[in-house]
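Please keep the structure in view while reading.

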Amino acid sequence: MTMHESRLSRFLDEFKPKSYESEFTKFLREFKQQKPELEAEQRMSRAIWWDHQQELETIKRNKESGVKQQPYVYQNKV
């Protein structure tokens, strides 16, 4: 590296964006370090409530049994 490149790189380093970390991000990072099992628990809970097969018959029945709402709910029926 030449002297010119060194000075240029030092000059450009001054304009690099400074890394910012919010207090909340710091809190989450430290909390996850204190409780490393937390992420596994979150994945397990997600699997219980969200990651399961959808029953197409139930979805169809729910959609068909819905009551259509009038455009403006507070208006009296005409």
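Is Phe27 buried, partly exposed or exposed? Phe27 counts as partly exposed, because its relative accessibility is 47%. The terms rest on relative accessible area: buried means under 20%, exposed means over 50%, and partly exposed lies in between (1.4 Å probe, protein chains only).

The model is a predicted one, in which local features need pLDDT of at least 70 and side-chain atom pairs count only at pLDDT 80 or more, while totals for chains, interfaces and linings use all residues. Residues are numbered from 1 along each chain as its sequence is written, and side-chain values use heavy atoms, with hydrogens and water left out.

**Overall form**

The protein has four helices and zero strands, and its pattern along the sequence reads α-α-α-α. The radius of gyration is 28 Å, well over the 12 Å that the globule rule gives for 78 residues, so the protein is more spread out than a compact globule. Here the radius of gyration is taken over C-alpha atoms, and the globule rule is 2.2 Å times the number of residues to the power 0.38. Helices are DSSP runs of H or I with at least four residues, strands are runs of E with at least two, and both are numbered from the N terminus.

Along the principal axes, the C-alpha atoms fill a box of roughly 85 × 40 × 25 Å. Buried residues make up 1% of the 78 residues. The protein exposes about 8,700 Å², of which carbon and sulfur atoms supply 57%; accessible areas come from the Shrake-Rupley method with a 1.4 Å probe, and for residues only the protein chains shown count as cover.

One pair of residues gives a sense of the distances. The C-alpha atoms of Arg7 and Gln33 are separated by 39 Å, and the two residues are 26 apart along the chain. Arg7 is found in helix α1 (residues 3-13), and Arg7 is exposed, with a relative accessible area of 57%.

**Aromatic rings**

The structure holds three aromatic pairs. One of them joins Phe27 and Phe31, which are stacked at 5.8 Å centre to centre with 20 degrees between the planes. Rings of Phe, Tyr and Trp (its six-membered ring) pair if their centres lie within 6.5 Å; planes under 30 degrees apart count as stacked, over 60 as edge-to-face and the rest as tilted. Both Phe27 and Phe31 lie in helix α2 (residues 23-34), four residues apart, about one turn of the helix. Phe31 is partly exposed, because its relative accessibility is 29%. Phe24, Phe27 and Phe31 form one aromatic cluster.

**Charges and salt bridges**

The protein has 15 positive and 13 negative side chains, and the centres of the two sets lie 6 Å apart. Lys and Arg count as positive, and Asp and Glu as negative, while His and the chain ends are not counted. Each charge is placed at NZ of Lys, CZ of Arg, CG of Asp or CD of Glu.

There are two salt bridges, a salt bridge being a side-chain nitrogen of Lys or Arg within 4 Å of a carboxyl oxygen of Asp or Glu.

| Salt bridge | Closest N and O atoms |
|---|---|
| Glu21 and Arg29 | 2.8 Å |
| Glu39 and Arg43 | 2.9 Å |

Glu21 is partly exposed at 30% relative accessibility, and Arg29 is partly exposed at 38%. Glu39 and Arg43 both lie in helix α3 (residues 38-49), four residues apart, about one turn of the helix. Glu39 counts as partly exposed at 40% relative accessibility, whereas Arg43 counts as exposed at 56%.
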